[in-house]
Amino acid sequence: MTKNLNEIPWDDFYKLTHAEKAPYLIDNARPMHVLFAQQFDRQQLDSLGSLATGVRFIAKSEEGMAFLRGLLAHKRAMLYFSQPSTRTFLSFYAACEILGLGIGEVRDTATSSEFKGESREDSVRTFSSYFDLIIMRSEIGGLSERVAWVLSNTDRPVPIINAGSGKDQHPTQALLDIYTLQRSFEERGGIDGKTIVFVGDLARGRTVRSLSSLLTRYNNVKQYFVAPAQLQIGEDVLAMLKAAGVQYEVSDSFEKVIPEADAVYMTRVQDEWDTQKGESGKIDTSKYCFTVQHLDLLKPDAVIMHPFPRRNEISPDVDRDSRAVYWRQMRNGMWIRAALIAAIFDRDDQIRNYYSKNI
Ligand code: CP
């Protein structure tokens, strides 16, 4: 049931659990704000996945693209990225173009009035004066929640999508990861019952945190966390999995775990979060890289994923293997983000109708 964000003081809202916050982020059962992965349930994940597939197939033809471009031609989206991004920025940009939205952007606060001392909150309120949707990436954890609450107390409470915040959340990356798993296991009974192995910098990888929590929506999924001790997954994630009754294991032995994996999810060292310059460089991560030799250990129908950008944790020689789905995973981001925006603006039924009549 929908609850109104403007009816709860910020200090009270902030203290709520994710489950308690979720009803404040919907509008009549459809997503309004997208702030953290935990707000999505299984039914919404299935629905977004099928909608993304609809968009993907419709976009294959000129007529289909003309239909999609007409859906939201009366709307404008603001891309506010104060942290570097390639895939998230461009896939949202492309998703907006597919649906016909006009696009504005700030990618460097040195070029906006934040340079003159304007607060983030005033900046976002300014964007809401000109745009109908704000998609934002920030180095500040929780900022998207804060601005969604701030806007709810104005006469322009436009939807906010968190495109990555601090070390805590990257909900739309988790959605595209789930969509990639849905597609990969389409003919193997879906995601239920699969074993997902997370590898690399799990302590500071927000994509892993978001995906790990979304995987709890599926039955009998086992999660492995493989990393050197200094980069191992946080106790809060393990406590969340324990509370959800999910099977998990923490390990430092990559080669031992590979044969069990249905999906291996590699991540890079996130040294931009080092508290002391160069501290990550002292950690030996050489055992946590995927090489061509590891392909022999991997099940024939398993998949290798990576949110990207990558460094040396997957050899480019692995790219040619059909189990390496990370380039497809990246493109899936465009489809699921288009589906999400369409759902926010109540265009999902039109897409499903077009798909069932024309594809
Ligand atoms: N996966 C991801 O968030 O990539 P970018 O940082 O390039 O957006």
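So, a polar contact here is a pair of N or O atoms within 3.5 Å; within protein, one must be able to donate a hydrogen and the other to accept it, and residues adjacent in sequence count only if both atoms are side-chain atoms. What we have is a predicted model, where local features need pLDDT of at least 70, side-chain atom pairs count only at pLDDT 80 or more, and totals for chains, interfaces and linings use all residues. Numbering runs from 1 along each chain as its sequence is written, and side-chain values use heavy atoms, with hydrogens and water left out.

Okay, the ligand. Around it, meaning with a heavy atom within 4 Å, you'll find Ser85, Thr86, Arg87, Thr88, Arg137, His170, Gln173, Pro307 and Phe308.

Arg137 puts a polar side-chain atom 2.9 Å from a ligand oxygen. Thr86 uses its backbone instead, with an N or O atom 2.8 Å from an oxygen of the ligand. And a backbone N or O of Phe308 is 3.0 Å from a ligand nitrogen. On its own the ligand exposes 260 Å², and the protein buries 91% of that; those areas are Shrake-Rupley with a 1.4 Å probe.

Which domains does the shell draw on? At least three residues come from each of domain 1 (5-170 + 332-346) and domain 2 (172-329). Those bounds come from an automatic or database assignment.

How far apart are the domain centres? Over C-alpha atoms, 25 Å separate domain 1 from domain 2. Still, 34 residues of domain 1 are in contact with 26 of domain 2, contact being heavy atoms within 4.5 Å. That's me done.
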